[in-house]
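I opened this entry to look up salt bridges. My notes follow the structure.

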Amino acid sequence: MAPAIITQVAPPSNTEDIKIRVKSGYASTTEALEASKARYAARHPTSLKLHEEAVKSLPGGNTRSLLHNAPFPIFMSKGEGYRVSDEDGHTYTDFVGELTAGLYGHSQSLIQQALIDSITKTGLNLGATTKLESQHAALLCSRFHLDHIRFTNSGTEANLHAIQGARRFTGKRKIVVFTGGYHGAVFMFGDEPAENVVDKEDWIIAKYNDLEDTRAKIEGSSDVAAVLVEGMQGSGPCIEATHAFLHQVQESAKKVGALFILDEVMTSRLSPGGLQDLEDLKPDITSLGKYLGGGITFGAFGGREDVMAVYDPRDGKALAHSGTFNNNTLGMVAGYTGLSQVYTPDVIKEFNAKGDQFRERLQGLSKGTKMTVTGRGSMIGVHFVKDGKKEIRSIGERLDDTELKDLFWLDMMESGFWVTKRGIIALILGTPDDALNSFVECVEEFLTRYERLVKL
Ligand code: PMP
């Protein structure tokens, strides 16, 4: 398909002009959005050129669905600390935080040094077992109460192998998951599994945060190998589970002999022992990923010794678990350095407390508007919903105003904040208070500027 034709308009001379123009008011969100898109196109001519090159070799110029944005994506050229800069010369406070994987930012000095040392002294991928992997494994096991752990290349793979391990361990087949769950590229669930989900017939989908449905779905089948759940749905964005719901999952799984797999790929950053500590949970398997590789490709799953033993190759009948880069030297060293020297328990608590305060300030601004702010600690979800509901417990309850959401995304970008279109903010360690304060001010200005469109 041909690239979209972009209407170029003259770039605004300065932000003051934008405010004056927008203040005059738009009759509808559609009109405001069109104007915002036109300014976006005008501000990013180099990105447009690069996009036109990219579509020649990548379908739609894209290799990671989430990053596709109409009319074309912004191309980033550089990241430093908590900031990123685009090819068109704009610099942003990075609130994308690589969807939680970028917790350490773009240039954490200890991680940089560890990587350089590793490249120059250890060498890349040795095609062999190294002490680096057992060192990182031991630290992860102690932090997240795991007996044993195995590494993968991504969170998707971590869940894939956790599921296959559960099937081998229980001799059962079905996996209970939840509406709105995201457990990786081929594990995405609405009311039905997404089109690209593997093993289509093997999923049972229960309603997130619905205790009765959860009990009925888990206990209603004799063939459930595992229940796979997030303690907060990251792609929700940031829809929190209730304590009662998570304990219902744990209890029902135990009752029918199914394994309880807690997907902590995102949420492990919320406390020194992950969300499971905050909610007093004892999963049989925990899947991990993202920042725990220190910014390098990473995934892991671990848990009970008897369960993980299905992967013990000393047993001639072990389940195979391969992956060229499972123990790659860079991921092992960066992950270990970050967790042992940077993201220490005190830092974790302080960082997440700061996230809580930030979210509460934003939620405070949302009164009487369609905006609502969800999340926990350093993970925040900004929503625009038609009914302005302030507490969202499942994607089914989320009545998106997609145009407003897009307008917010574009407006924040124009104000110098790199946020995901879907509204998740994953804070980067070391983001200064000034940047957080300035975001709060920009959100307040947005709500005032578009008062007629956002008010309930
Ligand atoms: N589980 C959850 C909860 C996630 O958020 C993600 C990624 N966003 C994954 C699994 C998959 O991780 P990866 O992208 O590393 O495959």
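These notes go through the salt bridges pair by pair.

I noted that the model is predicted.

Next I looked at Glu414 and Arg39. Their side chains form a salt bridge, with N to O at 2.9 Å. I placed Glu414 in helix 13, residues 402–414, and Arg39 in helix 2, residues 29–43, so this pair ties together parts 375 residues apart in sequence. I then checked the accessibility of both residues. Glu414 has a relative accessible area of 9% and is buried. Arg39 has 7% and is buried.

I turned to Arg173, which forms a salt bridge with Asp202; the closest N and O atoms are 2.9 Å apart. I found Arg173 in the loop between helix 6 (155–170) and strand 5 (174–178), and Asp202 in the loop between strand 5 and strand 6 (203–206). The two are 29 residues apart, and the pair links distant parts of the chain. Arg173 is partly exposed, at 34% relative accessible area. Asp202 is buried because its 6% is under the 20% cut-off.

The last pair I looked up was Lys370 and Asp401, whose side chains meet in a salt bridge at 3.5 Å, N to O. Lys370 sits in the loop between helix 12 (345–365) and strand 13 (371–376), and Asp401 in the loop between strand 14 (379–384) and helix 13, so the pair ties together parts 31 residues apart in sequence. I recorded both Lys370 and Asp401 as buried.

I also noted a network: salt bridges with shared partners join Arg167, Arg173, Asp199 and Asp202.

Key: Residues numbered from 1 in each chain as written. Predicted model: local features only at pLDDT ≥ 70, side-chain atom pairs only at ≥ 80, totals over all residues. Heavy atoms only, no water. Salt bridge = Lys/Arg side-chain N within 4 Å of Asp/Glu carboxyl O. Helix = DSSP H or I, 4+ residues; strand = E, 2+ residues; numbered from the N terminus. Buried < 20%, exposed > 50% of the residue type's maximum accessible area, 1.4 Å probe, protein only.
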